[in-house]
Amino acid sequence: MLNKISLENILFLDIETVPEEEHFQGLSEEKKELWEQKSQYQRKDEYTAEEFYERAGIWAEFGKIICISVGYFHMKGDIRSFRTTSFYGDEIQLLKEFKNLLNGHFSATKKLLCGHNAKEFDFPYIARRMIIHGIELPYKLNLFGKKPWEVPHLDTMELWKFGDYKHFTSLKLLANILGIPSPKQDIDGSMVREVFYKEKDLDRIITYCELDVVTTAQVFLRLRGDELLHDNEIKKV
């Protein structure tokens with residue numbers, strides 16, 4: 001079935017998120033209390049709410065998006081290329097720019113979104129942050145009333161599960177076992193908060209995010225049985 005999908009109809013994406021405030025003390029008293037309640041199950045008695053706050057970026061209610069990177073295939077005859085670009089900086093602005101991309105180029109029924117673990121994280125996170133900021137959801141993210149087979153989303157982790165609901169496989173591990181060359185990344189997801197707030201190096205985060213988009217596309221190609229992308233086929237636009 002995957003081979004019936006035109007590669008040009010898929011928008012691959014990845015997001016990077018951080019806590020909404022650099023420090024726990026930057027939250028209002030009410031938000032501090034809400035964070036304490038929200039994080040209680042995960043931290044148990046091992047951490048205080050303040051100590052655990054460095055992980056707040058994984059919750060859309062307490063985090064924010066600092067980068068959305070996307071990639072898409074362009075076919076010209078037998079010549080294949082994969083183009084990447086990113087939306088970054090102010091969250092409201094990047095969400096609006098991403099929405100404009102979806103509405104302008106990926107609104108057709110045949111168009112699909114694809115990420116790794118994106119059904120559990122990226123897609124709902126983007127949708128929640130849009131609603132929080134009063135941005136009307138684009139059609140591709142508005143799942144209200146849609147039947148499961150009408151949801152225009154692909155997820156490389158879900159495809160790898162083959163129906164096994166309890167199986168989690170990281171993108172890095174999946175790339176390794178599928179023989180996909182590992183991109184030279186100088187950070188990982190656990191370092192994004194520090195690189196953003198302490199080093200203030202957003203460019204480094206953007207590069208990391210775009211490399212994950214390329215890797216997701218490579219995994220999808222392997223799942224289809226297609227030839228992997230070569231470096232000269234990948235272009236940043």
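1. Two rings of Phe, Tyr or Trp (for Trp, the six-membered ring) are taken as a pair if their centres lie within 6.5 Å, and the pair is called stacked with planes under 30 degrees apart, edge-to-face over 60 and tilted for the rest. On this basis F24, W35, Y47, F52, Y53, W59 and F62 form one aromatic cluster.

2. The model is predicted, so that local features need pLDDT of at least 70 and side-chain atom pairs count only at pLDDT 80 or more, whereas totals for chains, interfaces and linings use all residues. Residues are numbered from 1 along each chain as its sequence is written, and side-chain values use heavy atoms, with hydrogens and water left out.

3. The structure holds 15 aromatic pairs. In one of them, the ring centres of F12 and F73 are 5.9 Å apart and the planes stand at 75 degrees, so this pair is edge-to-face. Because F12 belongs to strand β1 (residues 10-19) and F73 to strand β2 (residues 63-76), the pair ties together parts that are 61 residues apart in sequence; strands (E, at least two residues) and helices (H or I, at least four) are DSSP runs numbered from the N terminus. F12, at 0% relative accessibility, counts as buried, and F73 counts as buried at 3%, where buried means under 20% relative accessible area, exposed over 50% and partly exposed in between, with a 1.4 Å probe and protein chains only.

4. The rings of F24 and Y53 have their centres 5.9 Å apart with planes at 65 degrees, and the pair is therefore edge-to-face. F24 lies in the loop between β1 and α1 (29-43) and Y53 in the loop between α2 (49-52) and β2, so that the pair links distant parts of the chain, 29 residues apart. Both F24 and Y53 are buried.

5. The largest pocket has a volume of about 1200 Å³, which is the space filled by probe spheres set on grid points joined across faces, edges and corners. A pocket is here an open set of points on a 1 Å grid over the protein atoms alone, where a 1.4 Å probe fits, with protein on both sides within 12 Å along at least five of seven lines, and lining residues have an atom within 4 Å of a point. Of the 40 residues that line the largest pocket, E16, G189, S190, Y208 and D212 are the closest to its centre. Strand β1 gives the largest share of this lining, six residues.
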